[in-house]
Structure formats: structure tokens, C-alpha cells
Amino acid sequence: MSQLPSVPEPVNRLDRERLQAVINNMTEGVLTLDSSCLVTMSNAVALGILDVNDALGKHVDDILHLTDKAGKPVHLAPLIQTQQLGSDKRHLASRDWQLRYADGTTAYIYISVAPVQSAFGQAQYGGYVLLIQDITRDKSLEIERSEFISVASHELRTPVAVAEGYISNALLAAEKEHTPDTIKNALQSAHDQILFLSNMLNDLSTLSRAEQGDLAASMEEFDVNELIDSLLQDFRPQALQKKISFGYVGQKNLGRLASSRLYVHEILQNFITNAIKYTEKGGITLRAKRVEDGVEFSVTDTGIGIGRNEHSKISEKFFRSTDWRVRKINGTGLGLYIAAKLAKLLSGQVSFDSELNKGSTFKLSVPGAATS
Ligand code: ADP
């Protein structure tokens, strides 16, 4: 049996020097790790971000002191060694972790970890490559923007609610006092627009809360059937106005769920208001069932549906269908984007199935201990 010739040492050294020159000239911080998570190579940017003189031979968790949004320590080695590398199992990336320095100061960093693989997808060389970037400035801008939206939408809510009240009263008075149709129509249009504005302010304020990940405070145990009853009560009048039915099919004893009532309500409310908006005849059915780890909700309508070509865009920020039947109805295109964000905060999931001109079903699965 013939033996493969071993690679001469000078060639190895040359390769290593070439590789070091390449990573030294990168604008991102780079660390390479062996399969035990010890640093085998680093560049100056990485050392600058980590604020250390040398990283060679050190364990990744001894030089990268990370914490998550809640301030809990994050240990990279167990995460990457157990192959929990993102949904594709090949790559892990986060913009939400902070790097904690010895003097107690912190920096937001973008971090991306991928296993080192040979050309054919085999982990022949072993180890991992880490990219790191200091994103503290971007993060502070995001936080400021989010806070601005939150404050502005909160401050605007009161005058909008007052204006809505006055226009409603004027509309009622106009109905009673044989006011000309032109004035009634003008008041009705003003009322529709102010309701749109008020919904948009609600969406914006929920969005900023969701983006700040401000969930911990609202976790509680709530009665699932009580939530369903209150949704039926709140939205039946709107459905009846459009002469479509709105009912519940499912268990009457779903018990209590440990999650956020506020957010589950917000998501289902979005599904239901969409179902009412985009359905002209037929009806809407709200369903719920207990599953092994939590509760699964769904809202089915017999409305205009969504074309297959638009399915992948449905939870994008500001996405609205190009269908003329959607365009003639007011909307912000934020509802489903927010629903997906909130579901993620609950560790839950939003999914849907829809056929053009037949109808849609939007599903929400919420994990959480359920008790009777
Ligand atoms: P909005 O309803 O304010 O436009 P959403 O984010 O809630 O925003 O929905 C995004 C888009 O998804 C809608 O504009 C519409 O095109 C489509 N959509 C959502 N729900 C339904 C539904 N039940 N039936 C048909 N289309 C829907």
C-alpha cells in the first residue's frame, strides 16, 4: 500500500503565514478555535475588541465574557460543541449579546460562529471560526430609535383618542339632525382616518416594546377560555356589521397557560381583525387545543386569501398584498410582523396556510405549562 507523502514543514509554515496575513487585514475580528475551543489564531481587530494582548491557547469562554439580554452569562463552548449552531446546525449568529470587560464596562458585539469544514462539507480539520464586531454604536441608535417611537406613539395616543371621541359625537349628532349627506360623509371619512391613525399608533408602540424584548414583566398564568370569550365578545359586533359569522370551535376546558396573556391576546387580535378585514362573505372560526407543551390557536376565514407568490413576504415589515381588494382597505403592514416578533418572545411560532379566493388559516402555537 503506497503512503501519501507528508507535507513538508516549510510549506505548512508558508500556508499559515499566508492565512495569518489574510485575517490580519480583515476589518472584522477573527478567532479560530480548535475542537476543544482553544484559540489557534486571532487577528488584531479581535484582540482590540476583547481588550487582550494575546489569545493564543486560551479557552474561548475565558476571553469572551458574554451575557444575554437578561444579563445571564452565555458560555459559547457548550453551545457550539453540542452543535446547537442555529437552525441549519452549521452556523450560529447573534447581535444581542454583550461583552463584559474586567472593569465592569460592556460592549454589544455581533458574533458569528461556524465549524471549519473541508470542501465537501466534512469537518475534516475540526474546530471553529469566529467573527466578532463591536456594534455598540448601532445598538445604541436602535435603542434610541425604539425609545423615540415608544414615547412619540404614547404621547400622540391621547390627542388622537380625544379627536376620535369628538368626531364620533359629531357623527351621532349628524345622524339625528338631518344633516346633509356631504357633511355626514366628510365626518365618516375623518372618523375612518382617525381610527387608522389610532391603530397605527398602537402597532408602533407594540412594535417598540417587542423590539426591546420587554416581555419578562408580562409573564403570568391566565385562563385560556376566558381569553377566547373576551375575543369573541370584542370582535363579534365587527363581524356582524359585515354580515359574517364569528365563532369558536374547540375544548371548553383549556385550563390555564403560563405565558403572556397580553401578547397572546395581541397576536390573536391581529389574526381576527385581519380575518374580518379581508373577508366579504362566509365566516371566521377561532380554534384552540391543548398540545403536549402548551396551546395551539388558529383563526380560519373564508376571505380573499393570499396568492402563493406572496406567501414568503407575509411577515415582512410593512408588507401589504398588491391585491386591489387589500389596497382599498386601510392597513399598515405591521400587524403580522409584530405578531411574529411577539410569538418569538414567547418562544412560540406563527404559521399560516392560505389559498387565493378560498381563505386563510393563521396559527399560533404557544409553549407553556398548562394547568387545569
Ligand atoms: P395590514 O392588515 O395592516 O395590512 P398585516 O401585517 O396584519 O397588515 O398583514 C399584512 C398583509 O397580509 C395584509 O396587507 C394582507 O395583504 C395579508 N393578510 C393578512 N391577513 C390576511 C387574511 N386573513 N386574508 C387575506 N390576506 C391577509
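Me: What should I know before I start?
Reply: This is a predicted model, where local features need pLDDT of at least 70, side-chain atom pairs count only at pLDDT 80 or more, and totals for chains, interfaces and linings use all residues. Residues are numbered from 1 along each chain as its sequence is written, and side-chain values use heavy atoms, with hydrogens and water left out.

Me: What is the mean pLDDT of the protein?
Reply: The mean is 88, and 91% of the residues reach 70 or more. pLDDT is the predictor's confidence in each residue, from 0 to 100.

Me: Where is the pLDDT below 50?
Reply: Residues 1–5 are below 50. Beyond near neighbours in sequence, this stretch has zero contacts in the model. Contact means heavy atoms within 4.5 Å.

Me: Which domains is the protein divided into?
Reply: Domain 1 is 13–134, domain 2 is 141–211 and domain 3 is 220–367. The bounds come from an automatic or database domain assignment. The C-alpha centres of domain 1 and domain 3 lie 41 Å apart.

Me: OK, cores. Which residues touch the most other members of the largest nonpolar core?
Reply: Ile228, Val264, Phe271, Phe297 and Leu364 do, out of 43 residues. A nonpolar core is a set of buried Ala, Val, Leu, Ile, Met, Phe, Trp, Tyr and Cys residues joined through side-chain atoms within 4.5 Å. Buried means under 20% relative accessible area, exposed over 50%, and partly exposed in between (1.4 Å probe, protein chains only).

Me: Which elements supply at least two residues of this core?
Reply: The helices are H6 (181–211), H7 (224–241), H8 (261–277) and H10 (335–345). The strands are S9 (245–250), S11 (283–291), S12 (294–301) and S14 (359–366). H8 gives the most, with eight residues. Helices (H or I, at least four residues) and strands (E, at least two) are DSSP runs, numbered from the N terminus.

Me: What is Phe297 in contact with?
Reply: Leave aside neighbours within four places in sequence. Then Phe297 is in contact with Val224, Ile228, Val264, Leu268, Arg287, Ala288, Phe362, Lys363, Leu364 and Val366.

Me: And what does the second, separate core include?
Reply: That core has 28 residues, including Val39, Ala46, Leu99 and Tyr101.

Me: New topic. In what order do the strands of the open sheet come?
Reply: The five strands run S9-S11-S12-S14-S13, and the pairing is mixed. Two strands pair if DSSP finds at least two bridges between them. S9 and S13 stand at the edges, each with a single partner strand, so one side of each has no neighbour in the sheet. The twist averages 15° from one strand to the next. Angles run from 0 to 180 degrees between N-to-C directions, with axes fitted as lines to C-alpha atoms, for helices over the stretch in contact.

Me: What packs on the sheet?
Reply: H8 does, touching S9, S11, S12, S13 and S14, and its direction makes about 175° with that of S14. H10 packs there too, touching S13 and S14, at about 140° to the direction of S13.

Me: How many bridges does S14 make with S12 and S13?
Reply: S12 and S14 pair antiparallel over seven bridges. Val299 stands opposite Phe362 there. Seven bridges also join S13 to S14, again antiparallel, with Val350 opposite Leu364.

Me: What lies between S13 and S14?
Reply: Three residues, and the two strands form a hairpin. Asn357 in the turn has a positive phi of about 65°.

Me: Why is S14 called largely enclosed?
Reply: Because six of its eight residues are buried.

Me: Back to H10. Which of its residues are buried?
Reply: Gly335, Leu336, Tyr337, Ile338, Ala339, Leu342 and Ala343. These pack against H6, H8, S13 (349–355) and S14. After H10 comes Ser347, with a positive phi near 60°.

Me: Last one. Is Gly29 buried or exposed?
Reply: Gly29 counts as buried, because its relative accessibility is 0%. Gly29 is in S1 (residues 29–33). Beyond four places in sequence, Gly29 touches Asn43, Val45, Ala46, Leu130, Leu131 and Ile132.
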